[in-house]
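The sequence and model are shown below.

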Amino acid sequence: MMRRNQFDFFSITDSVTAWNLLIILGMNFEVLKAKWKAERERKAFLALADGTVFHGVAFGAPADQVGEVVFNTGMSGYQEILTDPSYAGQIVTLTTAEVGNYGTNPEDIESRGLFLHGFVVNGLNDASNFRSTKSLDQYLKDAGVPGIYGVDTRALTIHLRDHGNQKAYLCVTAAEEMNSEEGRMKKEAWAIEQARAWEGLDGQDYAAKVTCDKTYEFKSDNQTISESANLPTVVCYDFGVKTNILRSLAKFARVTVVSANTPAEEVLKMKPDGVFLSNGPADPAAVTYAQENIRKLLGKVPLFGICLGHQLLSIACGAKTGRLKFGHHGCNHPVKNLKTGHVEITSQNHNFAVIPESVPDCLEVTHVNLNDMSIEGVRHKTLPAFSVQYHPESCPGPHDSKYLFEEFLKMMGRSI
């Protein structure tokens with residue numbers, strides 16, 4: 001048997017291959033050097049109110065911003081997350097490591113704009129997908145939302161789990177100041193103070209910031225005029241509604257969307273078969289006008305609420321809400337249906353929840369979160385009204401909870 005020594009692999013063919021490889025590596029190294037130089041010129045950091053600072057590289061819009069940092073555990077669906085109005089006022093951290101691979105496109109938008117205050121990711125990749133029309137970087141630039149990548153998002157997530165969600169300052173415009181140790185420390189200390197001084201989301205009505213300006217009809221692309229005439233009518237209160245919620249409703253109803261502060265009397269004049277209370281951002285206790293309107297609607301029309309709508313319905317019935325330590329954000333949260341015993345994997349996005357001890361006798365708890373046993377659903381014992389804390393429209397997320405729309409339809413006296 002012939003044995004090669006360590007240099008035998010340099011046959012003519014192998015030599016050519018090795019030479020080509022060296023050329024490619026050299027070319028890639030030049031590309032990498034240019035990339036590293038550009039990243040040094042875009043130094044950025046995220047300063048938490050507790051004094052912790054995370055460093056990375058700026059992308060998206062060149063605009064510093066304050067916000068509340070939360071983490072989302074979804075593996076994909078970042079464009080739907082970005083366009084979810086429930087994230088208004090928040091700086092969203094993705095726990096998944098690779099982001100940007102499939103770019104962005106007009107079909108996956110969940111609202112009329114981006115309401116979040118910042119975006120934090122570990123790895124930012126170039127778009128490579130046939131549906132992509134714009135990179136994630138350019139998408140954030142056009143929307144005026146700053147981002148930071150290269151962050152140790154695992155460490156940030158663990159910190160938030162241990163210490164709770166944090167007010168923060170996302171600094172993406174101070175690269176020159178960051179070049180010196182003195183400048184860096186001074187800028188970081190200033191940013192921490194900015195985070196601490198921000199009013200935060202507690203006691204804030206953000207539904208008023210994201211709701212629609214006027215009443216409008218939402219029609220499914222597949223809904224014909226003749227079909228629409230025979231469908232039940234649903235009025236949707238827009239506290240920050242997502243487009244896929246409206247699509248889900250439009251599969252079995254004619255949908256009219258009204259602003260968050262629309263008086264109950266005006267809604268009742270529309271003679272709807274049911275009223276839907278949508279998702280939305282921030283603190284439900286601050287949306288007092290909605291609570292009052294829901295009280296006026298109870299018993300007069302079937303009600304179905306989700307997310308913020310669930311919290312508002314619960315408050316209207318006499319319950320209280322409070323802040324969770326780090327909230328529920330993602331599309332993999334297990335929820336148990338107490339009536340059937342079935343477990344649903346759900347899509348969620350909220351920082352507040354109904355306090356179990358405050359649930360009044362008129363409500364029964366129907367769903368609980370299996371991670372922390374927080375309340376995930378309630379139903380009125382005598383009136384046609386129910387709600388869940390999560391997102392049954394599941395965009396992004398699994399479709400385990402689609403049956404809730406069927407329950408709403410039955411409550412309106414209809415069936416599919």
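In which order do the ten strands of the open sheet lie? The order is β10-β12-β11-β13-β14-β19-β18-β17-β15-β16, and the pairing is mixed. Helices (H or I, at least four residues) and strands (E, at least two) are DSSP runs, numbered from the N terminus; two strands pair if DSSP finds at least two bridges between them.

This is a predicted model, in which local features need pLDDT of at least 70, side-chain atom pairs count only at pLDDT 80 or more, and totals for chains, interfaces and linings use all residues. Residues are numbered from 1 along each chain as its sequence is written, and side-chain values use heavy atoms, with hydrogens and water left out.

The chain has a mean pLDDT (the predictor's confidence in each residue, from 0 to 100) of 91, with 89% of its residues at 70 or more. Over residues 1-13 pLDDT stays under 50, and the model has five contacts beyond four places in sequence for this stretch. A contact here means heavy atoms within 4.5 Å.

Angles run from 0 to 180 degrees between N-to-C directions, with axes fitted as lines to C-alpha atoms, for helices over the stretch in contact.

The loop between β16 and β17 (363-369) holds Val359. Val359 touches Ala319, Val354, Val365 and Ile375, residues up to four places away in sequence not being counted. Its C-alpha lies 7.1 Å from that of Gly318, although Val359 and Gly318 are 41 residues apart in sequence.

**The barrel.** Seven strands close into a barrel in the order β1-β2-β8-β6-β4-β3-β9, again with mixed pairing. Neighbouring strands of this sheet are turned by 35° against each other on average, direction ignored.

| Strand pair | Residues given | Bridges |
|---|---|---|
| β1 and β9 | 43-48 and 166-171 | four bridges |
| β15 and β16 | 321-337 for β15 | ten bridges |

Helix α3 (residues 136-143) lies across β2 (53-60) and β6 (118-120), at about 85° to β2. Helix α5 (residues 181-197) lies across β1, β2, β3 (65-72) and β9, at about 45° to β1.

**A helix pair.** The axes of α10 (residues 288-297) and α11 (residues 308-316) come within 8 Å and cross at roughly 65°. Because 65 to 115 degrees counts as roughly perpendicular, α10 is roughly perpendicular to α11. Ala290, Gln291, Ile294 and Arg295 in α10 meet Leu312, Leu313, Ile315 and Ala316 in α11.

Methods
Angles under 35 degrees count as roughly parallel, over 145 as roughly antiparallel, 65 to 115 as roughly perpendicular and the rest as oblique.
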